[in-house]
Amino acid sequence: MKAQKTLLAIALGLAASQTFADAISDGKFYADVTARFESADQDNGASKTANALIADTAFGYESKDFSGFKFLAEYEVVNAMIDNYAPETAGFDTVADPEVREWNRAQISYANDGYTAVLGRQRIILDNARFVGNVGWRANEQTFDAATVGYTIGDVAVKYSYIDQVNSILPKFDADVTDHLLNISYSGIKAGKLTAYAYLLKDDDTDAKNDTFGASFGGKTAVNDLSVIYSAEVATQSTDDFDALYYALEGGVVVDGITIALGNETLGSDSGDYGFQTPLATKHAFNGWADMFLATPKDGLSDTYLKVAGMAAGVKLVGVYHDFKADEGSNDYGSEIDLLAVKKLNDKFTVGAKYATYSAEDTYVDTDKFWLWAQAKF
């Protein structure tokens with residue numbers, strides 16, 4: 001009997017070892033290659049128009065599932081083929097795509113029976129990325145050295161992340177942190193999804209704290225031949241010295257595949273001394289693609305916008321108009337028009353073009369930006 005148990009243990013060990021070996025050997029290699037031209041022209045008289053041609057290559061390997069576990073490693077190389085832009089070349093306007101060579105992600109993940117976990121350098125995107133995202137538009141995306149756990153049961157999903165380091169799109173701004181992110185959502189309401197969150201951030205070098213608590217609700221409802229879309233969000237933020245309020249409202253319709261939406265996003269101010277900040281966000285997706293408001297002004301920002309989006313001949317088309325004003329005081333921050341066209345040629349290749357023109361009023365300067373790109377995924 002003892003010999004039989006020993007043989008069984010050996011057999012099970014060999015089977016497990018073989019299964020693990022299969023998970024490694026049957027994994028997949030992949031690559032994501034993007035060539036993008038960007039022009040940036042700020043009417044400040046101090047620098048020349050930037051022209052950048054960037055080649056961004058991310059290649060990696062992901063193992064096959066082994067009892068719920070997977071391993072992923074991804075390396076990224078960003079090359080400047082035309083480098084007439086800051087920070088690569090002084091005297092030009094800025095394009096936030098410096099040359100980079102780094103491990104973008106290196107993680108072990110687990111998923112089974114509603115439980116998930118990720119340990120290592122990872123991508124974290126929560127909700128619409130307004131507070132936590134990967135800044136996927138830039139060549140060098142933002143990732144996090146973190147531990148993330150999650151659990152989904154029925155209509156309830158809970159996710160928690162502990163972040164030890166933020167790996168910025170600009171490596172010189174990589175930061176040692178002690179961040180706690182808690183996000184809870186409930187999708188059992190017919191009208192939409194309800195989310196509550198608490199994001200507690202601390203910079204280890206300065207001990208500066210930034211605590212944000214908020215809730216959002218969004219969804220859509222069919223009315224005859226159209227869909228009505230809506231969302232609302234409110235959050236409070238406290239630092240060591242200031243407090244500020246955030247709120248966002250959007251409503252619109254979808255008719256024959258065309259989305260028309262009107263909204264306002266306000267990042268509030270504490271008496272003109274501090275503006276509500278979102279340091280971990282995918283900021284490019286909000287407040288205009290010209291990136292004039294990556295840091296919220298001290299007197300806050302009220303962004304009222306009209307968005308139209310749809311498809312024509314297989315091309316995704318988006319147009320957005322922004323009107324910017326201060327939340328505190330009477331500063332007029334100007335307006336912006338954003339235009340986008342993206343065509344997915346097939347499962348591997350995508351091409352696109354984007355344009356942003358910002359018109360200044362009381363502060364900042366007129367800014368025009370243009371992008372043209374091609375992407376291949378293998």
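Threonine 350 is found in strand 17 (residues 349–359); strands here are DSSP runs of E with at least two residues, and helices are runs of H or I with at least four, both numbered from the N terminus. Threonine 350 counts as buried because its relative accessibility is 17%, where buried means under 20% relative accessible area, exposed over 50% and partly exposed in between, with a 1.4 Å probe and protein chains only. Apart from neighbours within four places in sequence, threonine 350 is in contact with Val342, Lys343, Lys344, Leu345, Trp373, Ala374 and Gln375, contact meaning heavy atoms within 4.5 Å.

This is a predicted model, in which local features need pLDDT of at least 70 and side-chain atom pairs count only at pLDDT 80 or more, while totals for chains, interfaces and linings use all residues. Residues are numbered from 1 along each chain as its sequence is written, and side-chain values use heavy atoms, leaving out hydrogens and water.

The protein chain has one helix and 18 strands. Its radius of gyration, taken over C-alpha atoms, is 23 Å, close to the 21 Å that the globule rule gives for 378 residues, so the chain is as compact as a globular protein of that length; the rule is 2.2 Å times the number of residues to the power 0.38. Buried residues make up 40% of the 378 residues. Of the contacts with a separation of 6 or more, 54% are between residues 24 or more positions apart.

Strand 7 (residues 156–167) pairs with strand 6 (residues 143–153) and with strand 8; two strands pair if DSSP finds at least two bridges between them.

| Strand pair | Sense | Bridges | Bridge partners |
|---|---|---|---|
| Strand 6 and strand 7 | antiparallel | eleven | alanine 146 and isoleucine 163 |
| Strand 7 and strand 8 | antiparallel | ten | tyrosine 160 and leucine 182 |

The hairpin of strand 6 and strand 7 has two residues between the strands, and glycine 154 takes a positive phi near 60° there.

Strand 8 (175–189) also supplies at least two residues of the lining of the second largest pocket, as do strand 1 (28–42), strand 9 (192–202) and strand 10 (209–223). The volume of this pocket is about 1,200 Å³. Its lining has 40 residues, and Ser168, Phe173, Pro279, Lys283 and Leu294 lie nearest the centre. By class, the lining residues are 20 nonpolar, eight polar and twelve charged. A pocket is an open set of points on a 1 Å grid over the protein atoms alone, where a 1.4 Å probe fits, with protein on both sides within 12 Å along at least five of seven lines; lining residues have an atom within 4 Å of a point.

Methods
Grid points are joined across faces, edges and corners, and a volume is the space filled by probe spheres set on the points. Ala, Val, Leu, Ile, Met, Phe, Trp, Tyr, Cys and Pro count as nonpolar, Asp, Glu, Lys and Arg as charged, and the others, Gly among them, as polar.
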